[in-house]
Structures are given as structure tokens and as C-alpha cells.
Amino acid sequence: MPSIISVSNLSKTYGSGFKALKDINLEIKQGEIFALLGPNGAGKTTLISVICGINNLSTGRITVGGHDIISDARAARSMIGLVPQELHTDAFESVWGTVSFSRGLFNKPKNPAYIEKVLKDLSLWDKKDSKIITLSGGMKRRVMIAKALSHEPQILFLDEPTAGVDVELRKGMWEVVRTLRASGVTIILTTHYIAEAEEMADRVGVINKGEIILVEEKASLMQKLGKKQLKLHLLSTIAAIPPALGAYNLELANDGQDLVYNYDSTADRTGITSLLGDLRSAGIRFADLETNQSSLEDIFVSLVKQP
């Protein structure tokens with residue numbers, strides 16, 4: 001797929017001298033769901049705000065749909081819808097009024113049928129005449145999404161879109177995201193709910209201390225970095241791992257009741273068969289065993305901990 005957003009050698013330094021972004025290079029493919037992960041203060045929101053033209057870049061170049069965000073700012077910005085972390089709405093305006101007003105800001109002609117569709121897709125139609133101040137936090141978040149979609153953008157940025165939203169509303173929002181993606185909208189999201197990124201994203205980018213440390217297809221990332229774990233529940237506790245088993249790099253867990261073996265499930269030989277044989281030779285018996293696959297969260301934590 002072609003890139004719809006291209007970021008080249010982007011850096012952002014504030015007046016204080018703090019360098020929030022350092023030489024970012026990133027390509028976002030048209031029609032994908034791209035999850036940007038990183039700890040608090042990593043630069044996720046800064047990167048989004050620079051791409052959206054809210055924050056000025058210090059060095060580098062960004063194009064959106066081929067439009068330079070500086071020299072062709074209006075065309076670039078018209079392609080983007082942004083749902084920020086913070087809720088910014090006119091508390092005493094109606095849902096219909098605030099979404100319609102947002103469409104007008106982009107000089108789009110009135111289109112009541114489209115606004116109606118957006119509100120229905122977001123389960124806001126029955127609230128169309130309600131004032132924003134009367135809505136729950138989750139409903140206000142949906143209004144923010146409706147505002148971002150009001151001018152029919154090709155790209156939607158979701159910055160922590162489900163923060164403070166209950167489980168049911170969160171599931172509903174992700175159904176909307178899937179529908180948007182199916183219609184051709186490119187979705188870029190940041191989230192603290194890594195399980196959501198694992199479920200939703202086509203590709204994952206990890207940012208830490210202002211630098212992109214990894215961009216990878218999610219499936220490929222899970223295959224390359226995700227390890228499987230074999231846990232053996234022993235019949236009798238042991239105080240230490242016998243030296244004869246040293247080659248397996250086993251871990252003793254649960255006060256000596258469990259042995260843990262990490263292995264690569266894609267390797268030609270996992271070593272499990274020989275491990276079980278050597279355990280018998282060492283006189284170690286187990287009552288049960290289980291296997292677990294590393295999650296995206298495990299991978300993320302291991303990446304940001306690396307120097």
C-alpha cells in the first residue's frame with residue numbers, strides 16, 4: 001500500500017532546549033490501523049500534534065497525501081481528523097450543533113444526511129439535541145470522534161481515545177474504528193490499553209524518549225519477539241536447579257514449585273523433548289504443564305527497558 005503520511009528526519013525542540021522528538025522517520029500506509037505505543041512522556045502526543053499542524057516542527061519534513069504540512073497546510077489539514085486526549089467541547093451547545101459547526105470550519109457544504117450517519121454510527125443519534133454538559137464522559141468522547149469525522153477526513157488520529165470510557169462503550173468505539181477502516185480511512189491511534197493495539201492494529205510503532213525504536217507488522221513482531229513459555233508444576237518443591245539442567249536456562253518460580261522454560265516456537269528444535277528427558281534423569285517429576293505466548297505488552301515492556 002502507498003504511504004498517506006510521510007515523516008522525514010523530524011525533530012522537535014522546545015524553547016527550553018528540551019528535545020521532544022529526535023530524527024523521526026515514519027511512513028503510514030493508506031488504509032491501515034497503526035498503533036503508536038510508548039510510556040508517558042515518550043513523545044506520542046507531540047508527534048501527533050506536529051503531524052496535525054498544531055505544533056511546529058523544528059527540523060524535517062512531513063507530507064500528508066502528498067501535501068507538505070507547511071507549504072500546503074490547508075490541503076494537508078483537511079485530510080486529517082483528530083481526537084485529542086483532552087475533551088474540548090462547547091458545554092452548552094447541542095451535539096448536532098457542535099458537530100455541524102466543526103464541518104463548517106473546513107468550509108464543507110452542509111450535509112445533514114452525513115452528520116446523521118456519523119451520529120448514528122457512534123450511537124449518538126438519540127442525543128443529537130442534548131447539550132454536551134449533560135453527557136457522560138464516554139458520550140463526550142464519542143462527540144469528539146464525531147467532530148473529527150465531520151469534514152469526511154481520509155485520516156483519523158485517535159490519541160488515547162478510550163481513556164475513561166467504560167468497557168461497553170470501548171467495544172462500541174472499536175467497532176466504529178473497524179467500520180471506518182473498512183471504508184478506507186487510515187487510523188493512527190495511541191493507547192495505554194496495549195491489548196487493544198494487539199487486537200486492532202495492522203502495524204505497531206514504539207516510541208521512547210522521543211525516538212522511534214521499532215516499527216513492525218504486528219504479526220511479524222509477535223513472531224520475531226514473542227517467545228513461548230513452558231511452565232512445569234512440580235510434584236515436589238526444589239531448592240535449586242540441578243547443574244545438569246544448566247543449558248536450558250530454566251527459572252525457578254513459585255517458591256520452588258514451578259520450573260519455567262522460555263523457547264522460540266518458530267525454531268527447528270524447541271528443546272522441550274530433551275528437557276523432559278533430562279528432567280526425568282535428574283529425578284524431577286511434574287504434575288502438570290502449561291504453555292503461554294508472550295503478549296504485545298510483554299514485548300513492549302522489554303523494548304522500552306532496553307538501553
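Mentor: Gladly. A pocket is an open set of points on a 1 Å grid over the protein atoms alone, with protein on both sides within 12 Å along at least five of seven lines, whereas a cavity is a set where a 1.4 Å probe fits but cannot get out; lining residues have an atom within 4 Å of a point. The second largest pocket has 13 lining residues, and Tyr114, Lys117, Leu180, Ser183 and Val185 lie nearest its centre. Helix H4 (112-121) and helix H6 (167-182) each give two or more residues to that lining. This is a predicted model, where local features need pLDDT of at least 70 and side-chain atom pairs pLDDT 80 or more, while totals for chains, interfaces and linings use all residues. Residues are numbered from 1 along each chain as its sequence is written, and side-chain values use heavy atoms, with hydrogens and water left out.

Trainee: What makes the lining of the largest cavity nonpolar, polar or charged?

Mentor: Ala, Val, Leu, Ile, Met, Phe, Trp, Tyr, Cys and Pro count as nonpolar, Asp, Glu, Lys and Arg as charged, and the others, Gly among them, as polar. Ile5, Leu26, Ile28, Phe34, Leu36, Leu47, Ile48, Ile51, Phe157 and Ile188 line the largest cavity, so by that rule the lining has ten nonpolar residues, no polar and no charged ones. The lining of the largest pocket has ten nonpolar, seven polar and four charged residues.

Trainee: Why is the pair of Tyr248 and Tyr261 called edge-to-face?

Mentor: Rings of Phe, Tyr and Trp (its six-membered ring) pair if their centres lie within 6.5 Å; planes under 30 degrees apart are stacked, over 60 edge-to-face and the rest tilted. Tyr248 and Tyr261 are 6.0 Å apart centre to centre with 80 degrees between the planes, so the pair is edge-to-face.

Trainee: And what makes Tyr261 and Tyr263 stacked?

Mentor: Their centres are 5.8 Å apart and their planes 20 degrees, so this pair falls under the stacked limit. Tyr248, Tyr261 and Tyr263 form one aromatic cluster.

Conventions
Helices (H or I, at least four residues) and strands (E, at least two) are DSSP runs, numbered from the N terminus.
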